[in-house]
Amino acid sequence: MFNDSEYIRETEATRVRVLSEALPYIQQFAGRTVVVKYGGAAMKDSSLKDKVIRDIVFLSYVGLRPIVVHGGGPEINSWLDKLGIEPQFKNGLRVTDAATMDVVEMVLVGRVNKEIVSLINRAGGSAVGLCGKDGNLIKARPQGQEGIGFVGEVTNMDVNILEALVKSGYIPVVSSVAADETGQAYNINADTAAGELAAALGAEKLILLTDTPGILKEYKDPSSLLHKLDIQQARELISQGVVSGGMIPKVNCCVRSLAQGVHAAHIIDGRIPHALLLEIFTDSGIGSMIVASEFMG
C-alpha cells in the first residue's frame, strides 16, 4: 500500500513539474495560430490517432489556435480498390483522372474529414470540417505536369472563413481538395496546402506530422537528427543530397512558408505518442525545427 501511494505521489509530482515547465511556452504561444498537417502512421494507428486528437484539443484549451490540414492516401487507395479503379502514380504524384477525382473528393471531404471532426468533438473540442472550396478558401489550377490529370496547385487563398472560425473558438479541419474558377475540383498535396495556409494566416508554426524522426544528417541514423536549422542550411542539405526523396517536398514546403512569414516550421515523427506536445512545449523538442535565419539565436 505504501509503495502504491509513493508511486502515485511520484507520478503526480512528475505531472505537475511537466505542466509547470510548459507554462513559458503556453504564455509565448497563447493566441497564436498553429497549422498542423496530419497524416502518415498517426492517422492509421488508432492509439496514435487518439493521442494526436487529444493534443490538438489540448492546444486549443491552453489558448493556441490549431488548424488541422489532412490528406488521406491509404483510405483513397482502399476505396479505389473497392470501386475497381487502379491507383496510378507518376513522379510521386497520384494520377487523378475524372473518376479518381470523384473518389478523392468523396473520401477526403466526406469520410476522412468528418471522422477527424467527430474525433475532435468527442475529445472535447469544437471542430468544423472544410475543404478548399468552402468560402473560396483555396483556389487551384492544374499543376501542369503531363498526364497527371486533376492534380492542382494553389493560386489563391482567402482565409477569412478560417479566421472567423478560429476567433469563435472552433478548430477548423481542412481537406486538401480545391476548385478552379470554373468549379472543377483538384487534388492538392496536403503538405503544400498546409504550408500555403500557414503563410496566408501568418501562423506562428507549421507542423508536419510524418513517419520520419525529422531531418537526418545521416540517412537511417536517428541519432543524426538535426534539431534546429535555418532556411539557408535547409537549402544546402537539399543541394548536397542529404535531404532526398519524399523529404524534399516537405522541406521545400517549410522553406516556402518561412519565406512568407511563418515563424517556425517543424517536421516531426507522428509515430511518437504526443509528438505535438513534445515538440511545442519542451526545450529539446523531438523533431527538426526550421526557422528563418534571423530567428536562429
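User: Where is the place of Asn 187?

Analyst: Asn 187 sits in strand S10, residues 185–188; a strand is a DSSP run (E) of at least two residues, numbered from the N terminus. This is a predicted model, where local features need pLDDT of at least 70, side-chain atom pairs count only at pLDDT 80 or more, and totals for chains, interfaces and linings use all residues. Residues are numbered from 1 along each chain as its sequence is written, and side-chain values use heavy atoms, with hydrogens and water left out.

User: Is Asn 187 buried or exposed?

Analyst: Asn 187 has a relative accessible area of 12%, so it counts as buried, meaning under 20% (1.4 Å probe, protein chains only).

User: What is Asn 187 in contact with?

Analyst: Beyond neighbours within four places in sequence, its contacts include Arg 94, Thr 96, Met 101 and Phe 150. Contact means heavy atoms within 4.5 Å.

User: And where is Thr 96?

Analyst: Thr 96 lies in the loop between strand S4 (93–94) and helix H5 (98–122); a helix is a DSSP run (H or I) of at least four residues. Thr 96 is buried, at 0% relative accessible area.

User: What does the side chain of Thr 96 reach?

Analyst: That side chain reaches the backbone oxygen of Arg 94 at 2.9 Å.

User: New topic. Which residues does UniProt list for "binding site"?

Analyst: The unreviewed UniProt entry lists Gly 72, Gly 73, Arg 94 and Asn 187; such annotations may be inferred rather than shown by experiment. They are spread over 116 residues of sequence but cluster in space, with a largest C-alpha distance of 11.9 Å.

User: Where is Gly 72?

Analyst: Gly 72 is in the loop between strand S2 (65–70) and helix H4 (73–82). Gly 72 is buried, at 11% relative accessibility.

Note on methods: Buried means under 20% relative accessible area, exposed over 50%, partly exposed in between (1.4 Å probe, protein chains only). A polar contact is a pair of N or O atoms within 3.5 Å; within protein, one must be able to donate a hydrogen and the other to accept it, and residues adjacent in sequence count only if both atoms are side-chain atoms.
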